[in-house]
Amino acid sequence: MAFVGHVASIRDNRGLTAIELMIVIGLIVILAGLSLPFAGTFGQRNDKFAAASSVIQALRRAQFRSMISDSGSNVWVRFVSGTGTDYAVFSGASYAARNQDTEEIFTLPDTVGVSFGFTSVTSTLALRFARTTGVPSATGTIYLYSNAGGTTTIRVGSQGQITQL
């Protein structure tokens with residue numbers, strides 16, 4: 001039996017047609033458009049968690065500095081409520097009489113705000129840690145919030161415990 005050669009008219013597939021390319025680009029654009037709102041929310045949440053970590057570190061740093069202080073100065077942390085505000089760790093009798101050479105200033109991201117749950121504190125919190133013991137001058141809660149929703153709570157306890165709830 002003789003073999004008859006196979007003749008086929010197969011199109012040479014070396015690339016994509018313009019229609020296939022437009023469909024792929026369209027799908028990529030749709031997926032990117034759907035993910036943008038989630039990326040923005042994720043960034044704001046990340047800013048809030050990073051700010052909470054930074055605030056806790058500043059509080060613990062002030063507490064530690066007050067416990068090892070041999071200069072006789074009090075060590076404070078000062079916050080102003082609002083979004084994108086600065087907070088500072090400083091030593092001295094008060095913020096006005098602070099030692100600016102040892103002052104450390106930190107800034108909250110613009111997407112993160114701060115408010116307080118301390119007795120008789122409205123817009124500014126100046127928290128002093130006692131020398132040698134590290135006990136805070138007041139107890140209460142610091143709230144960090146963002147436009148993405150949710151609140152991160154930091155509690156300052158009567159014996160100097162600083163915890164994120």
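Reply: Keep in mind that the model is predicted.

Me: OK, what sheet does β7 sit in, and what is the strand order?

Reply: The sheet is open and has five strands, ordered β2-β5-β7-β8-β9, with antiparallel pairing. At its edges stand β2 (82–83) and β9 (162–164); each has a single partner strand, so one side of each lacks a neighbour in the sheet.

Me: How many bridges join β5 and β7?

Reply: Five bridges, in the antiparallel sense, between β5 (residues 112–116) and β7 (residues 140–146). Ser115 is opposite Tyr143 of β7, and Val112 has Ser146 as its bridge partner in that strand.

Me: Is Ser146 buried or exposed?

Reply: Ser146 is buried, with a relative accessible area of 8%. The residue belongs to strand β7.

Me: What does Ser146 touch, leaving out residues up to four places away in sequence?

Reply: With those left out, Ser146 touches Gln44, Lys48 and Thr111.

Me: What does the turn between β7 and β8 look like?

Reply: The two strands form a hairpin with four residues between them. Gly149, in the turn, has a positive phi of about 100°.

Me: How many bridges join β8 to β9?

Reply: Three bridges, and the two strands run antiparallel. Ile154 stands opposite Gln164 of β9. These strands also make a hairpin, with five residues between them, and Gly160 there takes a positive phi near 95°.

Me: Which residue other than glycine has a positive phi?

Reply: Thr132 is one, with phi near 65°. Thr132 lies in the loop between β6 (124–129) and β7.

Me: Thr132, buried or exposed?

Reply: Thr132 counts as exposed, because its relative accessibility is 59%.

Me: Switching to Thr85. Where is it?

Reply: Thr85 is in the loop between β2 and β3 (86–91). Its relative accessibility is 16%, so Thr85 counts as buried.

Me: What does the Thr85 side chain reach?

Reply: The side chain of Thr85 reaches the backbone oxygen of Val80, at 3.0 Å. Setting aside residues up to four places away in sequence, Thr85 touches Val80, Phe106, Thr107, Leu108 and Val114.

Me: Now the surface. Which residues make the nonpolar patch of about 390 Å²?

Reply: That patch is made by Leu16, Leu21, Ile25 and Val29.

Me: Where is Ile25?

Reply: Ile25 is in helix α1 (residues 18–68). At 48% relative accessibility, Ile25 counts as partly exposed.

Me: What share of the residues is buried?

Reply: 30% of the 165 residues count as buried. The accessible surface of the protein comes to about 10,400 Å², and 58% of that belongs to carbon and sulfur atoms.

Me: And what share of the contacts with a separation of 6 or more is between residues 24 or more positions apart?

Reply: Such residues account for 54% of those contacts.

Technical notes. Residues numbered from 1 in each chain as written. Predicted model: local features only at pLDDT ≥ 70, side-chain atom pairs only at ≥ 80, totals over all residues. Heavy atoms only, no water. Pairing = 2+ DSSP bridges. Buried < 20%, exposed > 50% of the residue type's maximum accessible area, 1.4 Å probe, protein only. Contact = heavy atoms within 4.5 Å. Areas by Shrake-Rupley, 256 points an atom, 1.4 Å probe, with all protein chains shown as cover. Polar contact = N/O pair within 3.5 Å; in protein donor to acceptor, adjacent residues only side chain to side chain. Patch = residues over 30% accessible without salt bridge, like charges linked within 9 Å, V, L, I, M, F, W, Y side chains within 5 Å. Salt bridge = Lys/Arg side-chain N within 4 Å of Asp/Glu carboxyl O.
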